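I opened this entry to look up charge pairs and cross-links. The notes follow in the order in which I looked.

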Amino acid sequence: MCVYPLIPDGKLTVNAKVDYPAEIPLNTYAPEIKITSHTVVAADTIEGMQSVRGLETIEGTAIANSTLKVPEYPDGVKARVPLGVPKTKVPRTVPAPELPMDVEGSAPALVYTKAGTGSMDVNNITLNIIPRDAQGNIVEDLLDPEYPDRNYFEAPCTLTPADQDNRIVNFKIGEGTDPGDTTAPSAPANLTSPSKTASSVKLDWDDATDNEGGTGVGGYNVYQNGQKVKTVTSSDAEITGLSPKTEYAFTVKAFDKATPTANESGASNEVKVTTDDDAPPADTTAPSVPANVKATGKTTTTVTLDWDDSTDNEGGTGLGGYNVYQGGEKVATASTSEAVVSGLKPGTEYGFTVKAFDKATPTPNESKASDPVVTVKTDDDTPPADTTAPSVPANVKVTGKDSTSVSLAWDPSTDNEGGTGLGGYNVYQGGEKVATVGPTETAAKVTGLKPATEYAFTVKAFDKATPTANESKASEPELKVTTDDDTPPADTTAPSVPANVKATGKTTTTVTLDWDDSTDNEGGTGLGGYNVYQGGQKVATASSSTAVVSGLKPNTEYSFTVTAFDKASPANESKPSAEAKAKTDDDTPPADTTAPSVPANVKVSAKDKSSVTLNWDDSADNPGGTGVAGYNVYQDGKKVTTSATSDVKVTGLKAGTEYSFTVTAFDKATPANESKPSAAVKATTDADDPGTDFNFTYGLKGASKLKTLNGTVPLAGSIKGKVSGGKIAGDLTLNKSTGAFNLFGFLPITADVAFAPVGQTTGTESGANVSTTTKVNVKLPSIKVFGMEIGGGSSCQTTSPTEVKLTSTNWSRTAGGDLTGGYTLPSLGGCGFLTP
């Protein structure tokens with residue numbers, strides 16, 4: 001029986017079915033518990049809905065409040081399973097009929113660690129129904145005014161009679177299953193290319209062998225420039241459709257007959273082949289016109305078209321693809337005789353034609369448009385929400401590693417038909433997400449690892465659903481990898497000699513040189529920089545391929561060479577480059593009119609009642625300038641002092657007063673050029689007498705770590721009180737928070753945590769040293785496992801107040817400070833089966 005707002009209570013008939021295996025192996029993820037229900041709303045309830053002004057449709061969720069009993073939890077775990085209620089029109093016929101609806105949903109996949117039997121019972125149902133009028137607006141007459149943020153009304157439904165059979169599934173939990181063949185065949189050997197043409201290459205290799213007791217070699221995958229282009233069952237292949245006079249790199253991998261996913265070997269040796277240069281005669285004839293164009297599918301924003309294959313003329317360049325036109329405008333291009341036109345408006349009629357084109361260059365030949373025009377109207381209904389995750393990434397493997405990183409790759413996942421599409425992949429290491437890549441990437445590199453350390457990785461795929469993407473289960477099995485520990489061999493090879501050394505600028509005393517980048521040997525320590533020599537003497541060192549040689553005489557010709565060195569210790573230096581000659585200018589340099597750079601990172605390093613000490617990063621003058629002479633310090637827009645260094649103490653200030661400071665740099669030019677002011681920094685001088693009485697209100701932000709549960713609870717709130725005679729007394733308010741923990745050392749849970757202070761916070765203040773004592777009751781209103789309520793409630797709290805003692809050594813009445821300490825959490829009471 002269900003209790004509705006505004007309308008009489010009514011009967012709801014539910015016939016639930018569960019798609020779940022009768023036997024489930026131990027220690028492996030069981031499938032989701034999928035529940036489907038044929039539900040019938042009673043006629044008197046429909047009659048009541050007909051009386052509600054403006055009510056046109058209903059939709060929402062039915063929460064099945066269930067109990068899951070398994071050997072780990074013989075008393076049962078409470079689970080709230082959401083079932084989607086589809087958008088349904090309220091019948092208007094008289095007398096009112098019964099309203100049938102099909103709803104479905106699922107509980108999350110679980111891992112069972114104890115053998116035995118399991119079951120799930122449905123105790124009662126809560127309906128969360130969104131009422132809408134004919135325009136899709138919410139019918140607010142049915143909403144509860146106590147919850148203004150809700151767009152639905154709540155109708156609790158209880159079993160009537162209470163003793164009816166409410167069990168929806170029974171199952172057995174048994175032993176684990178055989179993982180099957182997980183070993184790949186040997187890598188193909190002796191890959192060669194016996195022949196080639198302008199558009200094809202033939203390849204040959206030795207047969208691979210599978211492991212003893214394996215499923216046998218199933219075939220070979222041929223890769224071209226890293227991309228799989230062909231699969232064969234014999235040890236030879238011909239790759240076609242290549243470009244003339246182009247170099248391609250080929251490798252081959254063997255795979256076995258394991259199911260559901262074959263094991264693929266490592267790559268063979270790489271063979272590079274350049275195709276012949278014969279070019280066919282120009283193609284000027286278009287392919288045949290596409291025939292029998294028809295719509296084979298549509299949604300609210302897309303139309304799927306299909307047609308018969310076109311053919312190109314004999315001796316032509318071959319069929320290149322098809323262009324789809326809508327109203328004379330090209331809207332899609334396809335390589336096969338099918339295309340999906342997207343970006344359309346719902347409930348709108350469109351006309352489409354198709355043209356075929358060949359591979360002629362530089363401009364393909366395009367056929368005439370198909371005839372007649374195909375007219376299609378897009379669907380008008382809003383698509384259902386996407387709640388299905390993509391498929392689990394398969395064949396996760398290591399493609400490379402060193403002492404601090406591991407490179408992974410896997411097979412692409414696919415999203416469900418009609419879903420929002422693949423959004424990308426998350427890589428997890430030991431349960432923590434360490435990398436995310438896009439939907440077209442099936443590889444990732446995890447960095448920042450420790451040498452000679454074993455790590456475990458899994459990969460999950462997620463879709464583009466909003467507001468929260470659906471994430472697949474983790475890849476299996478967990479991939480374990482140990483990082484390298486070998487120290488690289490000593491680097492004894494110098495980088496390449498710098499080339500094309502030339503003078504790109506000069507003054508009366510300087511010459512600017514530029515050259516091509518050098519490269520270090522493969523596996524070397526990397527390029528360290530360059531040395532510039534003049535007359536055999538080193539005069540400059542640069543980190544990039546440019547350098548300014550200074551201290552030269554005006555109107556004098558100099559000869560320069562450059563060498564490159566690496567990062568080895570000691571560094572390896574290349575031979576000198578070819579000489580580059582340059583003559584310095586003889587003219588008097590122009591006057592310096594450019595100011596130095598603006599001082600950066602101005603900050604307060606010390607302060608007292610009457611002074612503030614500032615420091616900042618050094619400014620730099622422009623190349624060829626007169627140099628930085630010093631700095632001007634401004635207080636509230638007025639210059640108060642000058643310093644020759646990047647620090648200064650401003651004195652004569654008032655106690656307990658806020659000041660704003662900026663700094664400018666000036667050079668040695670006459671008159672001096674002054675930079676723009678730095679970003680302002682504010683400082684408040686110390687108060688005259690910190691021992692006087694002081695009323696305060698502070699915001700609180702921090703965290704409390706629970707060692708036993710290996711989790712952290714964020715803390716936020718405020719404290720309002722008074723300091724008098726060095727004594728602290730205040731009222732503490734801590735906001736409700738949520739923490740993530742590990743129950744029993746392995747089961748992830750989330751818990752809502754509330755703090756109820758018992759009495760005032762008390763303590764003492766002595767300068768920057770503060771100590772406080774607070775007593776609080778810790779409450780756990782909600783405890784969830786995999787999103788399911790398993791405990792908590794209004795009576796779940798510590799059996800006695802917790803005494804929290806905190807101290808600080810950096811306290812300031814104006815800025816507050818950091819308070820830290822530890823405490824022991826008393827046992828819990830009133831928490832159901834979680835009560836110790």
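I started with glutamate 56 and lysine 89, whose side chains meet in a salt bridge at 3.6 Å, N to O. The model is predicted. I placed glutamate 56 in the loop between α1 and β4 and lysine 89 in strand β5 (residues 73-89), and the two are 33 residues apart, so I noted the pair as a link between distant parts of the chain. Glutamate 56 has a relative accessible area of 22% and is partly exposed. Lysine 89, at 56%, is exposed because the cut-off for that class is over 50%.

I then asked how many salt bridges there are by this rule. The count comes to 11.

Next I looked up aspartate 141 and arginine 53, another salt bridge, with 3.5 Å from N to O. Aspartate 141 sits in the loop between β7 (116-132) and β8, and arginine 53 in the loop between α1 (43-50) and β4 (57-70), so this pair ties together parts 88 residues apart in sequence. I read aspartate 141 as partly exposed at 41% relative accessibility. Arginine 53 is exposed at 67%.

I also checked lysine 607, which forms a salt bridge with aspartate 686, the closest N and O atoms lying 2.8 Å apart. Lysine 607 belongs to strand β38 (residues 603-607), while aspartate 686 is in the loop between β44 (681-684) and β45 (694-706); the pair therefore ties together parts that are 79 residues apart in sequence. Lysine 607 is partly exposed, with 37% relative accessible area. Aspartate 686 is partly exposed too, at 30%.

I turned to disulfides and asked how many a search of the whole structure finds. It finds 1. Cysteine 2 and cysteine 157 form the disulfide, with their sulfur atoms 1.9 Å apart. The link is right-handed, with 115° about the S-S bond. Cysteine 2 is in the segment before β1 (12-19) and cysteine 157 in strand β8 (residues 153-158), so the pair, 155 residues apart, links distant parts of the chain. Are these cysteines buried or exposed? Cysteine 2 has 0% relative accessibility and counts as buried. Cysteine 157 has 6% and counts as buried because the limit is under 20%.

Last, I looked for charge on the surface. Asp204, Asp206, Asp207 and Asp236 gather there in a patch of negative charge. I located aspartate 236 in strand β14 (residues 236-239).

Conventions:
Residues numbered from 1 in each chain as written. Predicted model: local features only at pLDDT ≥ 70, side-chain atom pairs only at ≥ 80, totals over all residues. Heavy atoms only, no water. Patch = residues over 30% accessible without salt bridge, like charges linked within 9 Å, V, L, I, M, F, W, Y side chains within 5 Å. Areas by Shrake-Rupley, 256 points an atom, 1.4 Å probe, with all protein chains shown as cover. Salt bridge = Lys/Arg side-chain N within 4 Å of Asp/Glu carboxyl O. Lys, Arg positive; Asp, Glu negative; His and termini not counted. Charge placed at Lys NZ, Arg CZ, Asp CG, Glu CD. Helix = DSSP H or I, 4+ residues; strand = E, 2+ residues; numbered from the N terminus. Disulfide = S-S within 2.5 Å. Buried < 20%, exposed > 50% of the residue type's maximum accessible area, 1.4 Å probe, protein only.
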